[in-house]
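Thanks, everyone, for making the time.

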Amino acid sequence: MAPVKAEELVAFAPREQYDGVDFCITSPPPWLTTVLLAFQHYLVMLGTTVIVATILVPLMGGGHVEKAIVVQTILFLAGINTLLQVHFGTRLPAVMGASYAYIYPAVAIILSPRFAIIIDPFERFVYTMRSLQGALIIAGVFQAVIGFFGIWRIFIRFLSPLAAVPFVTLSALGLFYFAFPGVAKCIEVGLPALILLLLFTEYAAHFFARGSFLFGRCAVLVTVLVVWIYAEILTAAGAYRERSIVTQFSCRADRSGLIGGAPWVRFPYPFQWGYPIFFVDDCFVMIAASFVSLIESTGTLIAVTRYAGATFCPPSVFARGVGWQGISTILNGMCGALTGTVASVENSGLLALTRVGSRRVIKISALFMIFFSLFGKFGAIIASIPLPIFSALYCVLFAYSAAAGLCFLQYCNLNTLRTKFILSISLFLGLSIPQYFREYEVFYVFGPVHTHSPAFNVIVNVIFSSPATVAAILAYLLDCTHTYWDGLVWKDRGFHWWEKFKSYRHDPRSEEFYSLPYGLSKYFPSF
């Protein structure tokens, strides 16, 4: 092997925009490709929707009918909220779906002693739903105030690439317990899905069928179809007849209860379960969850900017998006969607997997969500896909989304101890502290913080159970305080790479990517 030449020993040049996508945010693919990719985005976000409903509805006292209606409501509002975010929010190609951050406070509200006296399961379901609705509406107001009053703009204005790396990475990496642990619940279904997806996307698309549309763009759709048919065959053959109830629920393709419970046609509407109930403690714990979802949404949206081939999102645009996220959470509360809204991590990973970051694809995907939510039986058939298949998809999609955070290391000086310290301590404690909170709760049923105020206990446990939130707090505070006054630190943390994007007017590409449609930028200017 010939010796390496000196001119070859040059580091890779940092890039403000990721050029590995075939279609960026403003360049739509052909219509057939657009429709198939949009359906894939709809398919991917279904997993989180069904998981949230499966966890919360039975605890509330609901049955298959209530679960099916809740899934329809979440889907309908996800479509509406996605269209709002794509048109009037950040304008990034991000799907706005259900949030895992709200599960902990929702469970705390559902298990409140004040509902223990209600004997009838359906009556208990309605009362808990109305309490969740009231808390979500207040949480949405909190988010809207944070966004529209420009408070979140201040946070983004001082954010550097160094501080962004940990919490963008952990916005996806912190969800690891929804990935392979879900695959392991039915290894004979989940593991083939994971292997096939890897074979199709990383080998077939590059070696066996180079440039193939089927494997390069539609690998998720092909994987789900193949493994779903395989799961149906196992179910029909009686492979799980003698297995435990838990295994049957995870593996069988006929145990979701959604097909039988879903109505043929139903239009979700505000206050469909009754008027909301506002309880002070419930509102505070939901506000804590909404703060966590803001952190996680910000991390995911930064990842989306990368995979959409766009520049860094200006602070005023981020604040606008957070404000509309608050509006979306209010809509969720009004209609009974159980949780607030958040930018979908799995869909951001799908942008990278398909190499298509087009805004039009996400718009069509939102229409799929609305259509299948209105015609419940058709949507229920697709939503009855075994959950381990979705978990297998998450193993790849979450990894892609986490990798977007690591991309920002190219702007930082990795040869300084300050950079190493901030990265290592925020990543390490961002994983370690939430893991401690989760393990403590598994062993002792309640979290590490158990004062005489149940609401305060839930607030602390919600915040410190989120890896992205812990990492964001640590990285942001350390980056803004540790030897901040040193002149070289400004370049070491990569701040100069994003400085021109901190004002909307300083870079012409911001107008191209983030300006409001229909001439609304004249009336609602960005700064």
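This is a predicted model: local features need pLDDT of at least 70, side-chain atom pairs count only at pLDDT 80 or more; totals for chains, interfaces and linings use all residues.

Let me start with Arg-355, which counts as partly exposed because its relative accessibility is 27%, where buried means under 20% relative accessible area, exposed means over 50%, and partly exposed lies in between, with a 1.4 Å probe and protein chains only. Residues are numbered from 1 along each chain as its sequence is written, and side-chain values use heavy atoms, with hydrogens and water left out.

Arg-355 sits in the loop between α15 (345–354) and α16 (359–374), the helices being DSSP runs of H or I with at least four residues, numbered from the N terminus. Its phi is near 60 degrees, a positive value in a residue other than glycine. Phe-271 also has a positive phi, of about 55 degrees, although it is not a glycine; it lies in the loop between α12 (258–261) and α13 (280–307), and at 29% relative accessibility it counts as partly exposed.

Now to helix α2, residues 64–88. Its 25 residues should span 36 Å at 1.5 Å a residue, and the end C-alpha atoms are 36 Å apart, which agrees; the expected span is 1.5 Å times one less than the number of residues. Since 20 of those 25 residues are buried, α2 is largely enclosed by the rest of the structure.

On the surface, a nonpolar patch is formed by Phe-180, Ile-187, Leu-191, Ile-195, Leu-199, Tyr-203 and Phe-207, with about 650 Å² of accessible area together. Patches here take residues with over 30% relative accessible area and no salt bridge, nonpolar side chains (Val, Leu, Ile, Met, Phe, Trp, Tyr) being joined within 5 Å and like charges within 9 Å; a salt bridge is a side-chain nitrogen of Lys or Arg within 4 Å of a carboxyl oxygen of Asp or Glu, and areas come from the Shrake-Rupley method with a 1.4 Å probe. Helix α8 (residues 187–208) gives the largest share of the patch, six residues. Ile-187 is found in this helix and, at 38% relative accessibility, counts as partly exposed.

How many disulfides does the structure hold? There are zero, taking a disulfide as a pair of cysteine sulfur atoms within 2.5 Å. Cys-395 is in none, and the nearest cysteine sulfur, that of Cys-186, is 14 Å away. The sulfur of Cys-412 is 12 Å from the closest cysteine sulfur, in Cys-407, which is too far for a bond.

Terms used
Helices (H or I, at least four residues) and strands (E, at least two) are DSSP runs, numbered from the N terminus.
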